[in-house]
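Here is a friendly note to read with the picture open beside you. Take the points one at a time, and find each residue as you go.

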Amino acid sequence: MSDTKAKLDEIRAMMNDPKVISGEGLSNEENIHIYGYEPEDEQIVRHFVKKLQEATLACDLKVFDLYEIFLQICEKKKIMKAIPNMEQKKGPQKLLTEIQKFATVDAFIQQMQYAPHGNKDVLLITGIGSAFPFMRIHQLLNAMQPHFSNMPIFVLYPGEYDGHELRLFNRLKPNPYYRAFNVH
């Protein structure tokens, strides 16, 4: 737990660092930072995000909770009330297949879009565990690059990231993702 709090403080410091905000010294690498934390520290991380949103920072923080975005996508499709019945009648796998037809990576990115992008904008992505299995962060990060390439992206990930693979909840099959810096 104390390690999680120390790493979150490090992330806050990075968000206040003009070099991180501007992407200085990255040598054409993506300005993406993933912090993999122990899933049981989820409440600590949520509290941190809440306090971060209230804090005065050197950057203009844009927080994207993937679960909230997922709910917005479902609301737009007007299926929120139908989901429990769909799951009961068709089963969870069929429900997942049906929802993934419209809760696509592009739909998530569309919900995240805003304009204009400022030169001090920093994106913080949360809610990854809650949005699973409807959205996988490695897919989203790959698709985000053309839309958010000019700003740092911080990902609070409930699981392991070793700089090469993401392992959600420290249990699921790892997914390759090597274009981010590991906040470890």
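1. Let us start with charged partners. A search of the whole structure finds five salt bridges, where a salt bridge is a side-chain nitrogen of Lys or Arg within 4 Å of a carboxyl oxygen of Asp or Glu. Side chains of opposite charge can pair when their charged atoms come close.

2. A word on the model before going further. This is a predicted model, in which local features need pLDDT of at least 70 and side-chain atom pairs count only at pLDDT 80 or more, while totals for chains, interfaces and linings use all residues. Residues are numbered from 1 along each chain as its sequence is written, and side-chain values use heavy atoms, with hydrogens and water left out.

3. Look at helix 1 (residues 2-15), which holds both Lys7 and Glu10, three residues apart, about one turn of the helix. They form a salt bridge whose closest N and O atoms are 3.4 Å apart. Helices here are DSSP runs of H or I with at least four residues, strands are runs of E with at least two, and both are numbered from the N terminus.

4. Buried means under 20% relative accessible area, exposed means over 50%, and partly exposed lies in between (1.4 Å probe, protein chains only).

5. Next, move to helix 3 (residues 42-54), where Glu42 and Arg46 are four residues apart and so separated by about one helical turn. Their salt bridge has its closest N and O atoms 3.1 Å apart. Glu42 counts as buried at 19% relative accessibility, and Arg46 as partly exposed at 44%.

6. Helix 3 also contains Glu54 and Lys51, three residues apart and therefore about one helical turn from each other. Their side chains meet in a salt bridge (3.7 Å, N to O). Glu54 is exposed at 52% relative accessibility, while Lys51 is partly exposed at 38%.

7. Which residues are linked in a network of salt bridges? They are Lys94, Glu98 and Lys101.

8. Finally, step back to the whole chain. The protein chain has nine helices and seven strands, and its C-alpha trace spans about 50 × 35 × 30 Å along its principal axes. Buried residues make up 45% of its 184 residues.
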